[in-house]
Amino acid sequence: MARYTVLGAEAIRKKGWWQAHKWLTLRRMSQIGILLLFMLGPWAGIWIIKGNLSSSLLFDVVPMTDPFVFLQMLATGFSAIAAEAVTGTLIILAFYLLVGGRLFCSWVCPVNLVTDASFWLRRRLGINTGANFLRNTKYWMLGMVLLVAAVSGVMAYELVNPVSMLHRGIIFGMGVGWLVIAGIFLFDLFVAKRGWCTNLCPMGAFYGLLGKVSPIRVRADARSKCDDCAECFVVCPEPQIIPAILKGEEKGIPPVILSGECTNCGRCIDICGEDVFHFGLRFDRSKAVLSSGEMNAALKQKL
Amino acid sequence: MSNSTSKKPASKGRRRFLIDSARTACGVGLLGLGIGIYSKSASSMAPMAIRPPGALDETDFLASCTRCGLCVRDCPYNILKLADAGEDVPTGTPYFLARTDPCEMCEDIPCIPVCPTGALDHNLTDINEARMGLAVVVDQETCIAFLGLRCEVCFNVCPVRGDAITLDYRHNERSGKHALFIPIVHSDACTGCGLCEKACILDEAAIKVFPMHLAKGELGKHYRLGWEKKDAAGESLVTPDQEHRYNLPEGMRYDHTGEGLIFDQANAPAMTTPDAAMEETPFSSNPLDTLKKGIQEAD
């Protein structure tokens, strides 16, 4: 029941290093792997994928376009959109609708590497300062981005979007874009905890809305095993979404995180020494009932 | 808190919600305003930056280009570049610089079909129809053709040779006996590829490619070119002017197309004085004759 002393130590002791870092490692491999895949062309002349996250071409055949960019394009009023962009957007939409919208944020987006590093350093340095944003600020940002596109008639936000700027910059050249990225790092470090990704990024807001309906979710079927160490709250980029699910057994709240804001990063799964969390399907009610039944049985045995 | 004040937290919560929302709206709104204004100033891009072939007009281009760089990748000559943040070109959009890397005008225009959104117009299939910009002979003081020297490099490297740039032969006033070979650019054929700008032998090119809106003038919408309308209609659209009739002495005509005064020698009146005959003028050297002329005829 006690609070943790060293973050993650309990999980490593109980499950071993790999199980305590599995999703984090896979996630980093995904983030860096996707970057490398894009770099393989310009560096080695092996063109598996061309372009960048805004639009790309896989094996010179499969078009992909970021639905967030596509939405901005629609907002500008531009209507003569070529078929490739429509197909490409549908492909990406289908993918994230399936695996979780903000999976983009934690498994693909290069800015996550920056903000995770900032968050790590912030914790190391014990910085607790924080401007407090309303949690829904990023949705205001999304509205603003579309409004500016509609009023100006151009994709104005893409001039400053740090996500596309960083990814494009790494592949095609950065200019003073590094300053923007450094700015986000420092902003997250000193101004607000997880300020950019959690509070401000309109792209995250957009993918969060997508993710409301996706079937792949983090589940807490073993929630009765929770020993209140609170480590999941510390590592979770969106900690506000955990309590209701983790402690909602009496209220009949199903043990599955349905909030679109969950990035499916899986860090809570890693960090939990009691293995409360796991990836599963949102509709998997039978398993939930079963496991809570098991828990009840276990509790009765204890009593 | 007692029951009597139980209403207060709720109203406090509402108040707080409204203030928080206003705060967020203000902050986000200001940021949006900044981005909007920045996008306006960023849209006026550097005049030397030329868009790839088939690029829509600048507003539509910035509405549809996702800045993916696929056109950059498929350019076989690697002339295209995505603008870095902080450059004088909207961040991430493709352009080329004619002076160093002009468009080589590939026949299959590989940069266009790969554009996923149509920001590069897929309907453009003939590179000669591309209008990336327009070459302009910007400096007649340094272009050596105007100095009377033979160059014609821009004329010779032009891929639409003989159509986009022609040579105009003019008299060389300085030497009095030579010709000037003056390059003239024609907007109906120039694709704006920039090969001429690259080839210009000067340290700073005297022929430059500019985006169309900078290179071209535009007639007022109310202008109708009478001669074109006349050709189209096959006849004059207004009542033809009556031919002016001069009060000329018999045997003389006036030609409008440049001949001027014409003497019909056979019917010319007898000259009054030998001097007048020598000067071939219908007028008497004596002004009184002219004054009296009408009176004598009336008699």
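Predicted model: local features only at pLDDT ≥ 70, side-chain atom pairs only at ≥ 80, totals over all residues.

Author: Happy to! Residues three or four places apart in an α-helix point the same way, because each turn takes 3.6 residues. As for its geometry, H9(A) covers residues 177–191, 15 residues in total. From first C-alpha to last it reaches 20 Å, close to the 21 Å expected at 1.5 Å a residue.

H7(A), residues 137–152, has 16 residues and reaches 22 Å between its end C-alphas, close to the expected 22 Å. Its buried residues are A:Thr137, A:Lys138, A:Trp140, A:Met141, A:Leu142, A:Met144, A:Val145, A:Val148, A:Ala149 and A:Ser152. Just beyond H7(A) comes A:Gly153, with a positive phi of about 75°.

Now for the wider picture. Chain A has a partner: 46 of its residues are in contact with 40 residues of chain B. On the chain B side, the elements that give two or more residues are helix H1 (7–43), helix H2 (58–64) and helix H3 (70–74). H1(B) provides the largest share, with 14 residues. By class, that side of chain B holds 17 nonpolar, 16 polar and seven charged residues.

Chain B itself is assigned two domains, domain 1 (39–130) and domain 2 (134–215). Their C-alpha centres lie 25 Å apart, and ten residues of domain 1 of chain B are in contact with 14 residues of domain 2 of chain B. The domain 1 side of that contact has eight nonpolar residues, one polar and one charged.

Chain B also has an open sheet of three strands, ordered S1-S3-S2 with antiparallel pairing. Its edge strands are S1 (49–50) and S2 (81–82) of chain B, each pairing on one side only. S1(B) is joined by two bridges to S3(B), residues 94–97, and the two run antiparallel. To find this pairing on your screen, look for B:Ile50, which stands opposite B:Phe96 in S3(B).

Definitions and conventions:
Residues numbered from 1 in each chain as written. Chains lettered and ligands numbered in written order. Contact = placed C-beta atoms within 7 Å. Helix = DSSP H or I, 4+ residues; strand = E, 2+ residues; numbered from the N terminus. Nonpolar A, V, L, I, M, F, W, Y, C, P; charged D, E, K, R; others polar. Domains from an automatic or database assignment. Pairing = 2+ DSSP bridges. Expected span 1.5 Å × (residues − 1). Buried ≥ 20, exposed ≤ 12 C-beta atoms within 10 Å, placed from the backbone.
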